[in-house]
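Subject: Handing over the two-chain model

Dear colleague,

I am passing on to you the structure we spoke about, and below it I have set out what was found. Please keep it open beside this message as you read.

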Amino acid sequence: MANRKWNRRVLPHPSLLTLAAWLLVLSGGFLLDSPTAAAQPPSRATVVREVQARVVKIYGAGGMAGLEAYQSGCIVSPQGHIATVWSYVLDVDPIVVLDDGRRFEAEIVGFEPSLELAVLKIDADSLPYFPVGERSGAAGGSGDAGSGAVPGAQVLAVSNLFSIAAGNEPASVMHGYIASEANLEARRGTFRTAYSGPVYVLDLVANNPGAAGGALVGLDGNLLGMLGKELRDERTGVWLNYAIPAGTLRGVIGDIVAGRTPSVAESTAEPLPANQAHSASGLGIVMIPNVLEKTPPFIDAVEENSPAAAAGLQPDDLILLAAGQRIEGQSALNELLRTKDRRDPVSVTVQRGSQVVTVTLRPR
Amino acid sequence: MFRCWLPTLLLASAATILGLSGSARAADQAADAAVPSQVLAAEQERIQAIERAVPTAVSVFVPGGAGGGSGVLISPDGYALTNFHVSSPAGSYMRCGLSDGNVYDAVIVGIDPVGDLALIRLLGRDDFPAAELADSDQLQAGDWCFVVGNPFLLSTNLQPSVTWGMLSGVHRYQYPSGTLLEYADCLQTDAAINPGNSGGPLYDASGRLIGIVGRASFEKRGRVNVGVGYAISINQAKNFLGYLKSGRIVDHATLGATVATDPDGGVRVSNILESSDAYRRGLRYNDEIVEVHGRAVQTANDVQNILGTLPKGWRIRLAYLRGSERREILVRLAGVHGEDELIEKMAGALPPPPPAPPAPREGEDEAPGEPAPPEAEEPQEDGKEADAPKGADGKPIPEAALAQLEERAGFANYHFNDQHQQRLIEQLRRTVPEVSQRPTAWTIRGTTTGATPAPVVIQVSDNQLRMTVGDQEVVQDSVAARFEAVDQRSAAALLPALEAWRRLLDVGPRRFGDVFYLGTAPLLGELPLRDVLVGTAGELEARWMVHPESGAAEAVELTADRARDPAELLIHYASAEGEAPGTPARLELRYGSDVVLDLKIDSWTTDSEAGQS
């Protein structure tokens, strides 16, 4: 059982073993009937300390026009996978600072636009982590990472909001309750977000600048969700405090950590001869003028009767992924298409307004 | 508290419905059985903590309605802590409401503009409810806490608001906002903190005072709580309490060196002033600092976090590594600001005085329950009323408050400094033999310690300073000779040090020269904190350090040149803790860490000088 292995490997401290044992008691439904749990639940300060050790500070693009150049993340594997929210902060290769102050350059290895989820990887091992991805495909619903997250449940939100912590200073911890579980979809168009699935609505002001990617945990330290980015109702001006349920993220995170999803990082494939490879123009896509080092890959126009038109791509679509790889800029798109055989279909994920759309371009 | 009640009420109503088919008694039992005893106990604990804390919270109002904030009482005689930015619009006089429904006059005592603290004193009682001060270094993120205060100045009925929360972080550092305020080693909480909570108390779950609320992160959401508030740790306030009680405008400490976090871990000296005491004690560029004032440090922020909580002039222990060798030194901390610089900056940081509203009609300003002012010491003459000191509302300050206010340049309220000078001179005089007539003359006989003991005779009086060690004699008959003895690191500086002590006892602080009460500071880096008097006469600055319980002088320091070590006379007593100090047993004279004279005392006689031949 993966969880047991984790206990032995990365939790050397006896009190942490107690914590882990207690988590096992909680997560194993069959054990819940037995009131003879030997261990006392760990103190809140211990739980907080353990959660803080699993939350990281992420620094990247921003720092101007009211855009903060930082956010938070959750360690989801002992080898240094970090789940966070997809945002402009990740427009450059981000720097990750662990709770112990260690500083790493990170690579973006996973990206799920419809969940606004990104997974980073740093070159580290034996890290304390949230085992959120480890139950992917497991039968039976008991022991979900998100179990216990019912309205009224007491929760802690741990993040580096306002970038208060620096270096080895631990992330900030706040407390509150889950107010409800609701679909963001019902409010599409009101909140500017690509994510439309269920969220935990919180009664605490969790979603401050820099909090996105932080952990929402129960009082036992179990990961219940990931704090989303700041969302404000465009009509009422009300700010939403919410987290994306861990259960929603589990499959994607699990697949990325386990290597079942190929990395979205730039591939090292050799370019094909120009007359054998795909190109934007060959697919019927006219991009905006490429004037910057990383010109955002916006579509300017779609040629009639082209694969792009057939797939329904539209002007002003922003290309996020092509052939499963993250597209940082127009040049990256061009380079990627050069590595793809022009006879093969190409999947493209675009952002259209606040929607994320994935289509397949089929060459004629 | 409400959350705890809610289930109880729901269950009770459910039980009532059941009660239609059963007895009311059964319904009660159902309700009792359904609420776990731990929940009820936790509820009771919280109620008790709040009941214990609320009476000590203060609602501060600037006279004339031009703002206000919160505060907290820390002693039965009315001393209360608040923020400098709360007290400053009021100036020296404010009005304070307590939850007992009374409004009290209060005067400013001391201010710390850098740390955003102010000490005020509520008047009219000697049995104020006072908060118990906790040890804020014991706190951890995740501990429950609560804030009591006057958010949005809602406490017009004098009942403060209570907001419950959790400590989000400890040992936080918040950069100076503007030019002056620095929050070092502060507490971060998600308990709601809004404008008006400033200066008020942050309590732990049992109602003990852990911090003074002062600041919050407000950004795009407007000036309302977003779950991120900061409080000055009560341990920082404890460090400054003695300084604040002195009635002064106090400054924070600096090492005289800058430090940087090494990419490979550890914190290293990146620059050091040659005029700093740290440099004189041997600290150099690239040394790795490992411990400051008893706390281990790993980053530059850690170092600043500790220094930022210490007052200018304290002497603390510092440990550093040079290579693999660990060295421990005692360092005197300089001020962040020059003397006039702080006052100038402070004037710049203050909001402009609010416009005084037109005086209301007679009788309108009397709040019910206001304590009757004590009898006026002197009736005001009609012609002088225009010159009488006025509060922020433009109206004269009440007599009771005026009696505890004295303006003097460089002081927040000189009245309190004067009180401490008088207290200390009385204490000091109690520890030495009474004399029939002043001036006095001291004759001290003793023996030097060491390999070749030599007899020593010292005579200190208004007429002469004379010391004989073995067959060597020193006579100091001029101010210049005394200055030079200190400046040249001579053992003969023992004479002017003893003289400064003797003359203070003889003439008192008012006639000694320019004397003020500094506050409390450690002696040689050690607790308890000693009372410190500072006096300048004959171009030498003297510092007397007085034990808080015995009242005995334990050290006299003479400074000739601030860029050099002062002469330190350490006065050792043979008496045990708690006993009267008696005659000193040993005198030791040091410069920095060098002992230049160590003297065992055989006899010490005090005569009236007139009686001497």
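Two residues are said to be in contact if their C-beta atoms, placed from the backbone, lie within 7 Å. With that in mind, 64% of the contacts in chain A with a separation of 6 or more are between residues 24 or more positions apart, and for chain B the corresponding share is 61%. Please remember throughout that this is a predicted model.

**The two chains**

Chain A has 364 residues, of which 45% count as buried, and its secondary structure consists of seven helices and 21 strands. Chain B has 613 residues, and buried residues make up 45% of them, while its secondary structure comes to 13 helices and 31 strands.

Where the chains touch, 20 residues of chain B are in contact with 21 residues of chain A. On the chain B side, strand β8 (residues 161-177) gives the most, with four residues, and by class that side has four nonpolar, eleven polar and five charged residues.

**A sheet in chain A, and the strand β2**

Chain A holds an open sheet of seven strands, whose order is β5-β4-β1-β2-β3-β7-β6 and whose pairing is antiparallel. Its edge strands are β5 (103-105) and β6 (107-112) of chain A, each of which pairs on one side only, and neighbouring strands of the sheet are turned against each other by 30° on average, direction ignored.

Within this sheet I would ask you to look carefully at strand β2 (residues 70-75) of chain A, which pairs with strand β3 (residues 81-85) of chain A in the antiparallel sense over two bridges. In that pairing A:Cys74 stands opposite A:Ala83, and the bridge partner of A:Ile75 is A:Ile82. The two strands β2(A) and β3(A) form a hairpin with five residues between them, and A:Gly80 in the turn has a positive phi of about 100°. Strand β1 (residues 55-59) of chain A is also antiparallel to β2(A), and five bridges join the two; here A:Val56 stands opposite A:Gly73.

Why can β2(A) be called largely enclosed by the rest of the structure? Six of the six residues of β2(A) are buried, so the strand is largely enclosed. In a regular strand the side chains alternate between the two faces of the sheet.

In soluble globular proteins, nonpolar side chains tend to be buried together. The largest nonpolar core in this model has 159 residues, and those that touch the most other members are A:Cys74, A:Val76, A:Ile82, A:Ala215, A:Leu216, A:Met226 and A:Leu249.

**The domains of chain B**

Chain B is divided into domain 1 (2-51), domain 2 (54-245), domain 3 (253-335) and domain 4 (422-611). The centres of domain 3 and domain 4 of chain B, taken over C-alpha atoms, are separated by 31 Å, and the contact between these domains takes ten residues from domain 3 and nine residues from domain 4. Strand β18 (residues 315-322) of chain B gives the most to the domain 3 side, with three residues.

**Backbone details to check**

Most residues other than glycine have a negative phi, and most peptide bonds are trans. A cis peptide bond runs from B:Arg438 to B:Pro439, with omega near 0°, and B:Pro439 lies in the loop between α10 (414-430) and β21 (440-448) of chain B. Another cis peptide bond joins B:Leu527 and B:Pro528, and B:Pro528 lies in strand β26 (residues 526-537) of chain B.

A:Ser126 has a positive phi, near 55°, and lies in the loop between β7 (117-121) and β8 (154-159) of chain A. Is A:Ser126 buried or exposed? A:Ser126 counts as exposed because it has 11 C-beta neighbours inside 10 Å, and 12 or fewer is the cut-off for that class.

With kind regards

Key. Residues are numbered from 1 along each chain as its sequence is written. Chains are lettered from A and ligands numbered from 1 in the order in which they are written. This is a predicted model: local features need pLDDT of at least 70, side-chain atom pairs count only at pLDDT 80 or more; totals for chains, interfaces and linings use all residues. A residue is buried if 20 or more other C-beta atoms lie within 10 Å of its own, exposed if 12 or fewer, and partly exposed in between; C-beta atoms are placed from the backbone. Two strands pair if DSSP finds at least two bridges between them. Axes are lines fitted to C-alpha atoms, for helices over the stretch in contact, and angles run from 0 to 180 degrees between N-to-C directions. Ala, Val, Leu, Ile, Met, Phe, Trp, Tyr, Cys and Pro count as nonpolar, Asp, Glu, Lys and Arg as charged, and the others, Gly among them, as polar. Domain bounds come from an automatic or database domain assignment. A nonpolar core is a set of buried Ala, Val, Leu, Ile, Met, Phe, Trp, Tyr and Cys residues joined through C-beta atoms within 7 Å.
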